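Please study the sequence and the three-dimensional structure shown below. A briefing arranged by topic accompanies them.

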Amino acid sequence: MFVHYLKFVEKLNISSGNIIFIASDISKLAYEAQENDIVFNINEFIDAITNKIGNEGTLILPVYNWDFCKNIPFDYNKTIGKTGYLGNAALKRNDFIRTKHPIYSFAVWGKDKHYLASIDNIHAFGKNTVYQYLIDNHATNIAINVNFNDHYTICHQIEQLVGVPYRYNKYFKGDYIDVNNNISKKTYSMSVRYLELSLSGDAVELYNEMLDKKIAYEQKIGSHTVSYIDIAKSVAVIENDILHNNALKQIQYNHNKARLFHQKLQLKEIITDIFSITRSISGNGNRQTLKYLKENYLGELKILEYSIADNPTIFDWETPYEWNIDEAYIEDENGNKIIDFKNNNLHILGYSEPVDITIPFSELDNHLYSLEDDIDAIPYVTSYYKTRWGFCITHRQREELRKNPKQLYHVVIKSTLNKNGSITYGELIINGYEDDEILISTYICHPSMANDNLSGIAVATKIAKYIYALPERKYTYRIIFIPETIGALIYLKENITHLQKYVKAGFVLSCIGDDGDYSCVHTPYNNTYTDKIVTHVLKHITDEPKEYSFLERGSDERQFCAPNVNLPICTLSRTKFGKFKKYHTSNDNLDFVTEKGLQGGFEYVKKCIDILENNNIYKIKTVGEPQLGKYGLYPTISQKGSADYTRRLTNIIAYLNGENSILDIAEILNVPFNEVLEIINQLIETNLINMAGKDI
Ligand code: ZN
């Protein structure tokens, strides 16, 4: 049955003073008009709606466009919406205004249009957004010929407010051309789903529940379906769904490896999963390791290949060939394999050239490596820059073999050294509001050893998850998974100018999963912001902090802090490399690292990040001390601890001179950063202090 589009509007259940949000596909209405020789005049259609709600009403139409996420400039006056042409038609009219957010923007009309256009939100969803306005003002969501699944963006608003583990706030930076055609670089965010989760959410049940509860209802006008939802009332239903059932379960069933909450991510499980992979400074083991991280935890991880043929040198270094190995063993005259790389990949000297020979033990002995002072351990030995072959064995076994120096052995190494290969590394960039960056680097070049350095890989992964989950992110985080030394040099070669410009602090994560010390290696002069933060965190995380000078360097801080690089990077460890006996041996195994040790390593890095994210400078507004009681800050009941609290509070206030950062005050008071931050947050709430600046 044909319905004229103006008749259609007449039948809509809207009336004077309504606040309505319309999601629509009006092509069917237009098509029907055309079929009946009527010209579909979209402006007449819009006029009919605005006439119905009158000057006291407000009409909101979506003109969403995701180009800004793809680095395409947003032009306030020209960028059109991709959510139907009703909104785009409204944008052309003088009686509508566009709201500011470049991704989720709206064409708005009526009583509240100026207010809506004044909202200058960075996050697409959350407080102080058009969505929140719709909730607070009991707007009606009207869907014309579109499915609930395809249009009810309010769901994302609730997800944002509740905080869900399958989405995070992703910041996008790009050119923004404003209403007056001025271009500037701006940062906006929207919540997106983690790439590594395969989510097949279907919200039909949610909609049915709203229909049952009379929060939503449908109207048939001719062949058209119009759905009405009371937005404010829908909040509780969606919230309940998010908190109690469907969405979350679906994700877990779809992808059993994906760990949704960083809190629940088991560090030891990551290490166990990738322990047996043969890694080196290049080769398929590194690709496999990064692929594992990408598929299970870090969907946005970029796996990059540095071509050896195209880059024969890296600064002062020759680029090593790509090394891969399939087999390596030594067998006696009876064909018994006395050493087999398949049993433990530490048996092979890293970067061994291929060989297939039969030699007496006296000659083989020159190619063996063992530890006299740890006779049951297999040492980890490599020879990247001089071509050799060799095997690493326990000293006990070697001594046994030495008894028969004339015994013949068949030595087989099936390896390749490919000059046309590449060196693989991983890069994960998590944007924050600022362009300034924090570099977190860990290395992927060690074969089967747990603390050195699968612990670094696991902690970096969980830290990435933690950073993703921050509701606000000040800094941009650059987390890299590289082969030690050569990978750091490659990464510098590719990015040094950018890093020198933007990196404000950074950490190398090495040997960070045992139950021993908490330690760091400082920058050459121990004078950077990173040094200051690390010293503070160490002091409060353990009674015996181990701070090493740059003279005891050994990991990639060597490259990052070199004279012509000069980045503010400290290395963070539990027990520092070289300071534990199991270091670089087969005893650095899965028993050596513990979930507790790893979790301690994670906390260590996390505390550094919490300082970076929150270390601002505040100034007290009052002249003289504030009268605390007036602000509800003075405990009215005197109990144990309340005097301490008051003393702490007044001490902090005494140093809020607009020059000291929170970290400075924590140092002056000799208390942990977060304890000062807690009180600062209370002072912000009582409006007693002003932000006077940011850290560094
Ligand atoms: Zn090492």
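The model is predicted. The chain contains 23 helices and 29 strands, and its C-alpha atoms fill a box of roughly 105 × 75 × 45 Å along the principal axes. A zinc ion is held by three protein donors, namely His446, Asp452 and His584. By the rule applied here, the number of salt bridges comes to 30.

**Overall build**

- Of the 696 residues in the chain, 56% are buried.
- When contacts between residues at least 6 apart in sequence are considered, 77% of them join residues at least 24 apart.
- The chain exposes about 30500 Å², and carbon and sulfur atoms supply 47% of that area.
- The chain carries 73 positive and 86 negative side chains. The centres of these two sets lie 3 Å apart.

**The zinc site**

- The donor atoms are NE2 of His446, an OD atom of Asp452 and NE2 of His584, lying 2.1 Å from the zinc ion.
- Along the chain, the donors follow the spacing H-x5-D-x131-H.
- Asp452 and His584 link distant parts of the chain, for they are 132 residues apart. Asp452 belongs to helix 16 (residues 450–469), whereas His584 sits in the loop between strand 26 (569–573) and helix 20 (595–614).
- Is Asp452 buried or exposed? Asp452 has a relative accessibility of 1% and therefore counts as buried, because the cut-off for buried is under 20%.
- His584, with a relative accessible area of 22%, is partly exposed.

**Backbone features**

- The peptide bond from Asp452 to Asn453 is cis, and its omega is near 5 degrees. Asn453 is found in helix 16.
- Asn145 has a positive phi, near 55 degrees, although this residue is not a glycine. Asn145 is placed in the loop between strand 6 (140–144) and helix 7 (148–151).
- Asn687 also has a positive phi, near 65 degrees, and is likewise a residue other than glycine. Asn687 lies in the loop between helix 23 (673–685) and strand 29 (689–694), and with a relative accessible area of 51% Asn687 is exposed.

- Side chains of opposite charge can pair when their charged atoms come close.
- Lys185 pairs with Asp175, with the closest N and O atoms 3.0 Å apart. Lys185 is in strand 8 (residues 183–193) and Asp175 is in strand 7 (residues 167–177), ten residues apart. Lys185 is exposed at 67% relative accessibility, whereas Asp175 is partly exposed at 27%.
- Asp517 forms a salt bridge with Lys546, and the closest N and O atoms are 3.7 Å apart. Asp517 lies in the loop between strand 23 (503–509) and strand 24 (519–521) and Lys546 lies in strand 25 (residues 546–548), so this pair ties together parts that are 29 residues apart in sequence. Asp517 is partly exposed, with a relative accessible area of 22%, and Lys546 is partly exposed at 28% relative accessibility.
- Arg648 and Glu675 meet in a salt bridge, 2.6 Å from N to O. Arg648 is in helix 21 (residues 642–654) and Glu675 is in helix 23, 27 residues apart. Arg648 counts as partly exposed at 26% relative accessibility, and Glu675 is partly exposed with a relative accessible area of 32%.
- Which residues are linked in a network of salt bridges? Lys302, Glu427, Glu437 and Arg478 form such a network.

Terms used:
Residues are numbered from 1 along each chain as its sequence is written. This is a predicted model: local features need pLDDT of at least 70, side-chain atom pairs count only at pLDDT 80 or more; totals for chains, interfaces and linings use all residues. Side-chain values use heavy atoms; hydrogens and water are left out. Helices (H or I, at least four residues) and strands (E, at least two) are DSSP runs, numbered from the N terminus. Buried means under 20% relative accessible area, exposed over 50%, partly exposed in between (1.4 Å probe, protein chains only). Contact means heavy atoms within 4.5 Å. Accessible areas come from the Shrake-Rupley method with a 1.4 Å probe; for residues, only the protein chains shown count as cover. Lys and Arg count as positive and Asp and Glu as negative; His and the chain ends are not counted. The place of a charge is taken as NZ of Lys, CZ of Arg, CG of Asp or CD of Glu. Donors are N, O and S atoms within 2.8 Å of the metal (3.2 Å for Na, K and Ca); water is not among the atoms, so sites may look incomplete. A salt bridge is a side-chain nitrogen of Lys or Arg within 4 Å of a carboxyl oxygen of Asp or Glu.
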